[in-house]
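Please study the sequence and the model before reading each worked solution.

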Amino acid sequence: NTIDKHFAKIKVFKRATANGSNKALNLESYIPQNSPEITVSTARAMFKEQQDALIALGDRYGVQPRFLVALWGMTSEFGEQKGNFPILSVTASNAYSGNKEQFYIDEFIAALKILDTNQVQYEQLIGSSTGAMGHMQLMPSQYLAYAQDGNGDGVKDIWNNQFDAFATAASMLKESGWKNDETWGRQVSSINPISSQLVGAEHTETFNEWQELGVRRYNGNDLPKRDDMQVSLLMPDGENGRQYLVYNNFRLLQAWSVKEHFLLTVTYLSERIQNPPIN
């Protein structure tokens, strides 16, 4: 069976740790460092080059393609940094190290199930030192649940075909509740101090409630007068840093990372892809 066939190939990776770097950067320096102008111009060029296919894919899955291209740029540098570690070894090593142990046990089992389908060979099942795979850096469990054939060739290859990877990511977002008639959020300002207990993606209020608490549009104007959306206030750099109201679509991007600095750089890049419009 699958375990017997591949077990001898599993090795403990010293460098397979899911910690990542914890440099204390604020958004003012984090965004230009992680999405510099070269990344913006590359994202716009990639979007323009594949615009028709991207728009068709976005329409099929109900996810604005600028978010897919922004995620592509931020997760794998447009496919340049996909990682080539064997996923069984990476997930086993991370589980063994006790770092997010249950998470990595589940991902190891998901990786075995992928091999069990015989659609992906052991040698193809590669990714980063955190276990994320392919153009869009998806975890084995995400591939297992949402893998799509984005270009119609009968194969679901998120490693070598960016459209399969885009379609898989879009399918995951759509199934999780993505709304393509909404955006991700907006930068705001506040005229009153806001209690830290109200800040963070897990706490929500309506626009009207945030208005009462003293939150305003970034230019100081009133927020939209509506109470049909549950939105969250983020202050990643504390009350003296940038403030954002974020919507449900933003929360769904946490499937890639819960780090607010990273996600706000993804959304920044998505805005730069959209504005000015690409002809």
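E37 is partly exposed, with a relative accessible area of 49% (buried means under 20% relative accessible area, exposed over 50%, and partly exposed in between, with a 1.4 Å probe and protein chains only). The model is predicted: local features need pLDDT of at least 70, side-chain atom pairs count only at pLDDT 80 or more, and totals for chains, interfaces and linings use all residues. Residues are numbered from 1 along each chain as its sequence is written, and side-chain values use heavy atoms, with hydrogens and water left out.

**Exercise 1.** Determine which residue forms a salt bridge with E37, and which helices hold the pair.

*Solution.* Step 1: a salt bridge requires a side-chain nitrogen of Lys or Arg within 4 Å of a carboxyl oxygen of Asp or Glu. The side chain of E37 meets that of R272 in this way, at 2.9 Å from N to O. Step 2: E37 belongs to helix α3 (residues 37-49) and R272 to helix α12 (residues 260-274), so the bridge ties together parts that are 235 residues apart in sequence. Helices (H or I, at least four residues) and strands (E, at least two) are DSSP runs, numbered from the N terminus. Step 3: R272 is partly exposed, at 24% relative accessibility.

**Exercise 2.** Describe how α3 crosses α12.

*Solution.* Step 1: the two axes come within 9 Å and cross at roughly 55°. Axes are lines fitted to C-alpha atoms, for helices over the stretch in contact, and angles run from 0 to 180 degrees between N-to-C directions. Step 2: this angle makes α3 oblique to α12, given that angles under 35 degrees count as roughly parallel, over 145 as roughly antiparallel, 65 to 115 as roughly perpendicular and the rest as oblique. Step 3: the contact (heavy atoms within 4.5 Å) includes E37, V40 and F47 of α3 and Y268, L269 and R272 of α12.

**Exercise 3.** Is R66 buried or exposed, and with which residue does R66 form a salt bridge?

*Solution.* Step 1: R66 counts as buried, with 9% relative accessibility. Step 2: the partner of R66 is E271, with the closest N and O atoms 3.4 Å apart. Step 3: R66 lies in helix α5 (residues 65-76) and E271 in helix α12, so parts 205 residues apart in sequence are tied together. E271 is partly exposed, at 25%. Step 4: the axes of α5 and α12 come within 8 Å and cross at roughly 130°, which makes α5 oblique to α12. Among the residues making the contact are R66, F67 and M74 of α5 and F262, L269 and E271 of α12.

**Exercise 4.** State how many salt bridges the structure holds, and locate the one between R242 and E28.

*Solution.* Step 1: the total is six. Step 2: R242 and E28 meet through their side chains at 2.8 Å, N to O. The pair links distant parts of the chain, with R242 in the loop between β5 (232-234) and β6 (243-246) and E28 in helix α2 (residues 27-34), 214 residues apart. Step 3: E28 is partly exposed, with a relative accessible area of 47%. Step 4: R216, D222 and K225 are linked in a network of salt bridges.

**Exercise 5.** Give the strand order of the open sheet of four strands.

*Solution.* Step 1: the order is β4-β3-β6-β5, with antiparallel pairing; two strands pair if DSSP finds at least two bridges between them. Step 2: β4 (215-217) and β5 are the edge strands, each pairing on one side only. Step 3: strand β3 (residues 185-190) is joined to β6 by four bridges, and R186 stands opposite L245 in β6.
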